[in-house]
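Please keep the sequence and the three-dimensional view at hand while reading.

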Amino acid sequence: MEVRGAIVHIVNTASVPGAQSVARAARLLRLVTAGGESGVTAGELSRSADLTRPTAHRLLTALAHEGLVDQDATTGRWMPGPELYLMGTVAAGRYDITAVARDVVRSLAVRTEESAFLSVRRGDETVCLLREEGSFPIRSFVLSEGVRFPLGVASAGLAILAFLPPQDVDDYFRRHPQLSDTWGPSHGEARLRTRLRETTERGAALNPGLIVEGSFGLGAAVFSRDGRPQWALSLTGVQFRFGPDRLPELTRTLLAHAHELSGRIATARR
């Protein structure tokens, strides 16, 4: 897709020379980044990217030559390279909201005593940007910085998907008919649409242990200046901490923080 002014041109990438290689390399970059500081093995990358080992190795070598990935000389694991850092610092001025969001996420963790997160929408996924631990000693580790989930799976992505325009939601389901194959029958379209309706009614998305049994999540959308759900604040914790005695207050606190952050974003980006 090419954007010039207010005109959007849709380009068939299948007809663009080298587009498949670029898409494969981008997929590997995302997987390496998701691996964080511990890195990812070449075998794990090739399986996750659905590439043969020789193809994955060839692309990783090319990316390493450009400084986009790096390979640990001792373990052989792949991790983000120095050029990604430099690119990220340039892009941060336009896309990064962590500076205005960090104390909101911290306040949410302090107020609720649960682990609090900020996630951003990237295409059909959410990516966790910030994590702040709560004081409650039993914690859930489903989510951490760099972890990605499809929209509608974790509570953050469910909150974002619920507040997208109906046509965008329909298009999303058309693009991803196999969600239940990967994430289980609870993520089939019919059941997901029921949770989307519940999310809009409640104002926040509840994930009742659908990713990891016993680990609950609660998410609220954070909106851009033009009113689109681009980010989400979320909480995770063990099941008994999200029971009917605490859930209403957790929801009110989460929504208040999401509203505050939406207001900050609108002001900061004027």
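## The second largest pocket

Sixteen residues line the second largest pocket, and Glu125, Arg148, Phe149, Pro150 and Trp183 lie nearest its centre. On a 1 Å grid over the protein atoms alone, a pocket is an open set of points where a 1.4 Å probe fits, with protein on both sides within 12 Å along at least five of seven lines; lining residues have an atom within 4 Å of a point. The pocket holds about 490 Å³ of space, a volume being the space filled by probe spheres set on the points, which are joined across faces, edges and corners.

At least two lining residues come from each of α1 (19–35), β7 (148–150) and α8 (179–183). Helix α1 gives the most, with four residues. The lining comprises eight nonpolar, three polar and five charged residues; Ala, Val, Leu, Ile, Met, Phe, Trp, Tyr, Cys and Pro count as nonpolar, Asp, Glu, Lys and Arg as charged, and the others, Gly among them, as polar.

## Basis of the model and the chain as a whole

This is a predicted model, in which local features need pLDDT of at least 70 and side-chain atom pairs count only at pLDDT 80 or more, while totals for chains, interfaces and linings use all residues. Residues are numbered from 1 along each chain as its sequence is written, and side-chain values use heavy atoms, with hydrogens and water left out.

The protein chain contains ten helices and ten strands, taken as DSSP runs (helices H or I, at least four residues; strands E, at least two) numbered from the N terminus. Of its 270 residues, 43% count as buried, that is, under 20% relative accessible area, with exposed meaning over 50% and partly exposed in between (1.4 Å probe, protein chains only).

## Glutamate 114

Glutamate 114 is placed in the loop between α5 (98–112) and β5 (115–122). This residue counts as buried because its relative accessibility is 2%.

Its side chain makes a polar contact of 2.6 Å with the side chain of arginine 241, and another of 2.9 Å joins it to the side chain of arginine 246. A polar contact is a pair of N or O atoms within 3.5 Å; within protein, one must be able to donate a hydrogen and the other to accept it, and residues adjacent in sequence count only if both atoms are side-chain atoms.

## Leucine 255

Leucine 255 lies in helix α10 (residues 247–268) and counts as partly exposed because its relative accessibility is 30%. Leucine 255 and alanine 221 are 34 residues apart in sequence, with 8.3 Å between their C-alpha atoms.
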